[in-house]
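Subject: Structure handover

Hello,

Here is the structure I promised to pass on. Please open it next to this email and follow along.

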Amino acid sequence: MLYRRLSGTDLDLSVVGFGAAPLGEEYGPVDERESTDVVRAALDEGINYFDTSPYYGRTLSESRLGLALSGFRDQAIISTKAGRYDRHYPEGFDFSYRRIVRSIDQSLRRLRTDHVDIVFLHDIEFSPASMILDEGLPALVDAREAGKVRFLGVSGYPLDVLIEIVETGSIDVVLSYCHGDLLNSSVTDCLVPVARDNQCGVITASPLHMGLLSPSGPPSWHPAGPELRRAARALIDYCKKKGVSLPAAALSYALGLDGPASVLIGIGNARELSECVSAARQPVEDRTMATLVTLRGRFGGEPWPSGIR
């Protein structure tokens with residue numbers, strides 16, 4: 001496994017990050033014993049970065065990750081989130097100072113640890129910027145001073161919203177999803193330069209574009225528009241014709257982008273873990289990758305709207 005320093009921190013992250021949303025059964029049933037086994041197998045493969053949230057499985061992901069890492073905490077870098085607790089807006093979100101403080105304490109109990117390495121305010125586009133700056137981030141700062149959190153971050157989908165917070169210089173890490181993959185790599189042009197200017201580390205997530213680049217296709221709720229869907233189908237068809245694993249190609253592409261320290265991908269079983277590790281150790285050949293990028297360029301497709309602004 002390769003490791004990269006997360007800019008602005010002293011953390012060396014495995015380039016493949018373990019996204020623990022599947023442990024919360026966000027994509028289907030996962031046996032508790034299986035979830036423990038796959039986390040410990042990931043440690044054996046050299047993956048040291050694990051990301052979760054109270055939102056994933058409505059606290060189930062955190063509880064299962066905490067159980068799996070019990071006795072192995074010193075081998076893991078853990079990030080969790082705060083501010084998003086359910087699916088719908090506005091009742092599923094609360095970035096107030098008191099709620100963030102309480103959320104961190106609850107997460108620590110579920111994760112069976114006295115501190116986490118990173119806490120992200122989760123999907124900040126669903127909050128006015130003033131709430132993030134005046135309440136959410138001060139709560140993270142106080143948690144850091146109390147020794148409960150090492151580094152502070154924000155996550156979300158719209159890059160302009162993330163950039164607005166990065167430019168304040170008030171965070172250590174920013175997490176972006178679906179902007180660092182074969183369908184959209186704008187994180188490298190838009191977010192990474194701003195993050196570098198502000199000594200802020202970058203992590204990306206969802207190299208399969210939330211399932212759009214899965215051979216089985218996206219879930220029914222996927223918000224992508226028709227052009228992105230056509231682009232994804234063209235890549236799927238090409239890889240099927242050539243006998244290439246599109247998930248492997250997608251992860252290879254995401255891992256090769258300049259700037260992000262780690263790529264988070266959801267892992268819920270041994271097969272998914274094996275595929276991720278193989279893609280990291282045996283990248284898809286450059287010629288195939290270049291063809292996929294060229295093919296994607298024949299389509300349009302704007303990012304979908306997200307948030308309240």
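How many salt bridges does the structure hold? The structure holds 18. I will come back to some of them below. One caution before that: this is a predicted model.

**The barrel**

Start with the strands. Eight of them form a closed barrel, in the order β3-β4-β5-β6-β7-β8-β9-β10. The pairing is parallel. On average, neighbouring strands of this sheet are turned by 30 degrees against each other, direction ignored. In general, strands of a sheet pair through backbone hydrogen bonds, either parallel or antiparallel.

Now find strand β3, residues 16-19. β3 pairs with strand β10 (residues 262-266) over four bridges, in the parallel sense. Gly17 has Leu264 of β10 as its bridge partner. β3 also runs parallel to strand β4 (residues 49-51), and two bridges join them. Here Gly19 is the bridge partner of Asp51 in β4.

Together with helix α1 (residues 32-44), they make a right-handed β-α-β unit.

Ser79 stands opposite Ile118 in β6.

**What is buried**

Are the two faces of β3 covered or open? Both are covered. Val16 and Phe18 are buried on one side, and Gly17 and Gly19 are buried on the other.

The largest nonpolar core has 105 residues. Phe18, Phe50 and Ile203 are those with the most contacts inside that core. Leaving aside neighbours within four places in sequence, Phe18 touches residues including Val38, Val39 and Ala42. Tyr49, Phe50 and Asp51 are also among its contacts, and so are Leu264 and Ile265. As a general rule, nonpolar side chains tend to be buried together in soluble globular proteins.

Next, Ile77. This residue is found in strand β5, which covers residues 77-82. Why does Ile77 count as buried? Its relative accessibility is 10%, and buried means under 20%. Not counting residues up to four places away in sequence, Ile77 touches Leu11, Asp12, Leu13, Asn48, Tyr49, Phe50 and Asp117. For a sense of distance, compare the C-alpha atoms of Ile77 and Val194. They are separated by 25 Å, and the two residues are 117 apart along the chain.

Then look at helix α8, residues 246-256. Nine of its eleven residues are buried, so α8 is largely enclosed by the rest of the structure. Among the buried ones are Leu246, Leu251, Tyr253 and Leu255. What do the buried residues of α8 pack against? They pack against β1 (3-5), β3, α7, β10, α9 (270-281) and α10 (286-296).

Take Arg84 and Asp123. Their side chains meet in a salt bridge, 2.7 Å from N to O. Arg84 lies in the loop between β5 and α3 (97-111), and Asp123 in the loop between β6 (116-121) and α4 (129-145), so the pair ties together parts that are 39 residues apart in sequence. Both Arg84 and Asp123 are buried.

Glu26 forms a salt bridge with Arg58, with the closest N and O atoms 2.9 Å apart. Glu26 lies in the loop between β3 and α1, and Arg58 in the loop between β4 and α2 (60-68), so this pair ties together parts that are 32 residues apart in sequence. Glu26 counts as partly exposed, at 25% relative accessibility. Arg58 counts as partly exposed too, at 30%.

The last pair is Glu227 and Arg230. Their closest N and O atoms are 2.2 Å apart. How far apart are the two residues in helix α7? Glu227 and Arg230 are three residues apart in α7 (residues 226-242), so about one helical turn separates them. The general rule is that an α-helix has 3.6 residues a turn, so residues three or four places apart point the same way. Glu227 counts as partly exposed, at 30% relative accessibility. Arg230 counts as partly exposed at 43%.

One more point on salt bridges. Those that share partners join Glu26, Arg58 and Asp86 into one network.

Best wishes

Conventions
Residues numbered from 1 in each chain as written. Predicted model: local features only at pLDDT ≥ 70, side-chain atom pairs only at ≥ 80, totals over all residues. Heavy atoms only, no water. Buried < 20%, exposed > 50% of the residue type's maximum accessible area, 1.4 Å probe, protein only. Contact = heavy atoms within 4.5 Å. Pairing = 2+ DSSP bridges. Right-handed = clockwise from strand over helix to strand, strands pointing away. Core = buried A, V, L, I, M, F, W, Y, C linked by side-chain atoms within 4.5 Å. Salt bridge = Lys/Arg side-chain N within 4 Å of Asp/Glu carboxyl O. Axes fitted to C-alpha atoms, helices over the stretch in contact; angles between N-to-C directions.
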